[in-house]
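Q: Before we look at particular elements, could you take me through how each kind of feature should be read?

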Amino acid sequence: MQNSSKATVFETTIPFQLAFFALVEHDTDTAPLWDPELRQFVGLMTLSDYIHALRVWRAQGLPTSDLTSKNIAEMMHSAGVLFRHAEFLAVDAEDSVHQMCLLLLRTENDYVPVVDADNGNLVSILGFLDVVALLHQAGQQYPNLFARSIRDANIGTFNNVITAPKSARLWEVLDVLEQKNLSGLPVVDEQNKVIGFYHRSEVSFIIKATDTDMVLQNLNNYRVEEALALREQLIQSGEIMSSFQGLAVCRQNDSLGQVLSAMVRARSCRVVVVNESQQCVGIISIRDIARYYISGQLGY
C-alpha cells in the first residue's frame, strides 16, 4: 500500500478546541490521538467530532467555557460526545488497498491509520478520498472495468433521498445528518434544483467567529445557503484551503469511470445524481462503488 502523506499526531492532553483549529490550519480532516500515559494510540479526532460537540453543547445549554477548557481526553469521556473513531483500528503498510477497503466498509469508519508492519510506527492516515484517487487511476488504466453505467450497476441510493432546502438553519441540517447517520446532503433551491452539498465537516461558520459564543450563534442563525457562500469566500481569500469537499453531479447513464472523475474534480466521496432539470434523484458514494467491486468478501 502506498502512503499518501505523513500524519499530524495529537496528544490527548492538549485542548480540544486547539486541536480542531490545528486540523484546519494543516488542511486535514483527521489526526491520530496518542495517550501519553498509556503510551499508545487510542483513536482518531476529526473535524466533525468538534462540530458534533458544538451540537451537544447547544442542545444541553452547557457553558462554552467548558468547551474551550477541556482537553481531548476529557471530551472523549464527556456525556453525549461520541468520537467517530474512538478506537485505533489500523492496517499494516504491507496490506493491500483491498484489505483497507474491507476494514473501512466493515467498521463504517471514514479513515484508517497505516502502521509499519516491522516496528508499529504510524506511517499515515488514509481514507475514502484516497480510495477515490486509487480507483480513478485504475479506471484510467483499465477503462473497460469501469465502463458500466451506474443504472446497470444498480448502486447508490435512489429512494427517500434526503435533501436540505437552502433556507434551512445549520443546526437543523446537522441534526438531520446526525439522526440519519449521513456524512452530507444536497442543498436545493425552491425548484428543488441542486445548488450545493453540505458536509458534516464544514467549518466556515466556525472560522469566521471570534469566540465560541459566536460560533454557537452562527450555528443557530446561519442558513445553509449562507454557509455555502461563506465557504466560497473563504476559499477565494485563502482563509481555508480549496481541498474541502465540494459538489459533484452525474446522470444515471454515466459510467462508473465518469462518476469517479466527478469525485476527483470535486475532491468528494459523494456524487449527486440529477435529472435533466438538475433535481436530485439519488446519491452515490465511494462506499457504494468500493462495495460493488468487493461485495463477494463482505457477504452481501
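A: Let us begin with burial: a residue is buried under 20% relative accessible area, exposed over 50% and partly exposed in between, with a 1.4 Å probe and protein chains only. Helices (H or I, at least four residues) and strands (E, at least two) are DSSP runs numbered from the N terminus. The model is a predicted one, in which local features need pLDDT of at least 70 and side-chain atom pairs count only at pLDDT 80 or more, while totals for chains, interfaces and linings use all residues. Residues are numbered from 1 along each chain as its sequence is written, and side-chain values use heavy atoms, with hydrogens and water left out.

Q: Which residues of strand 5 are buried on each of its faces?
A: On one side of strand 5 the buried residues are Tyr111, Pro113 and Val115, and on the other they are Val112 and Val114, so that both faces are covered. Strand 5 spans residues 111-115, and five of its five residues are buried.

Q: With which strands does strand 5 pair, and in what sense?
A: Two strands are said to pair if DSSP finds at least two bridges between them. Strand 4 (residues 91-92) pairs with strand 5 in the parallel sense over two bridges, and Asp92 stands opposite Val115 there. Strand 6 (residues 122-127) pairs with strand 5 in the antiparallel sense over five bridges, with Tyr111 opposite Gly127. Strands 5 and 6 form a hairpin with six residues between them, and Gly120 in the turn has a positive phi of about 75 degrees.

Q: How many of the residues of strand 2 are buried, and which strand is joined to strand 2?
A: In strand 2 (residues 30-35), five of the six residues are buried, and the strand is therefore largely enclosed by the rest of the structure. Strand 1 (residues 10-11) runs parallel to strand 2 and is joined to it by two bridges, with Phe10 opposite Leu33.

Q: In what order do the strands of the open sheet stand, and which of them are at the edges?
A: The open sheet consists of three strands in the order 10-11-12, and its pairing is mixed. Strand 10 (249-250) and strand 12 are at the edges, where each has a single partner strand, so one side of each lacks a neighbour in the sheet. Strand 11 (residues 270-274) and strand 12 run antiparallel and are joined by five bridges; Val271 stands opposite Ile284 in strand 12.

Q: Against what do the buried residues of helix 13 pack?
A: An α-helix has 3.6 residues a turn, so residues three or four places apart point the same way. In helix 13 (residues 286-294), the buried residues are Ile286, Arg287, Asp288, Ile289, Ala290 and Ile294. They pack against helix 5 (97-107), helix 6 (128-141), helix 12 (256-266) and strand 12 (280-285), where contact means heavy atoms within 4.5 Å.

Q: Where does Ala86 lie, and which residues does Ala86 touch?
A: Ala86 lies in the loop between helix 4 (72-76) and strand 4, and at 47% relative accessibility it counts as partly exposed. Leaving aside residues up to four places away in sequence, Ala86 touches Val42 and Gly43. The C-alpha atoms of Ala86 and Gly43 are separated by 4.8 Å, although these residues are 43 residues apart along the chain.

Q: How many disulfides does a search of the whole structure find?
A: A disulfide is a pair of cysteine sulfur atoms within 2.5 Å, and the search finds zero disulfides. For Cys101, the nearest cysteine sulfur is that of Cys269, 11 Å away; Cys101 is buried at 8% relative accessibility. For Cys250, the nearest cysteine sulfur is that of Cys280, 10 Å away, and Cys250 is buried at 4% relative accessibility.

Q: Is His199 buried or exposed, and which side chain is joined to that of His199 by a polar contact?
A: His199, in strand 9 (residues 194-199), is buried with a relative accessible area of 10%. A polar contact is a pair of N or O atoms within 3.5 Å; within protein, one must be able to donate a hydrogen and the other to accept it, and residues adjacent in sequence count only if both atoms are side-chain atoms. The polar contact between the side chains of His199 and Ser201 is 2.7 Å.
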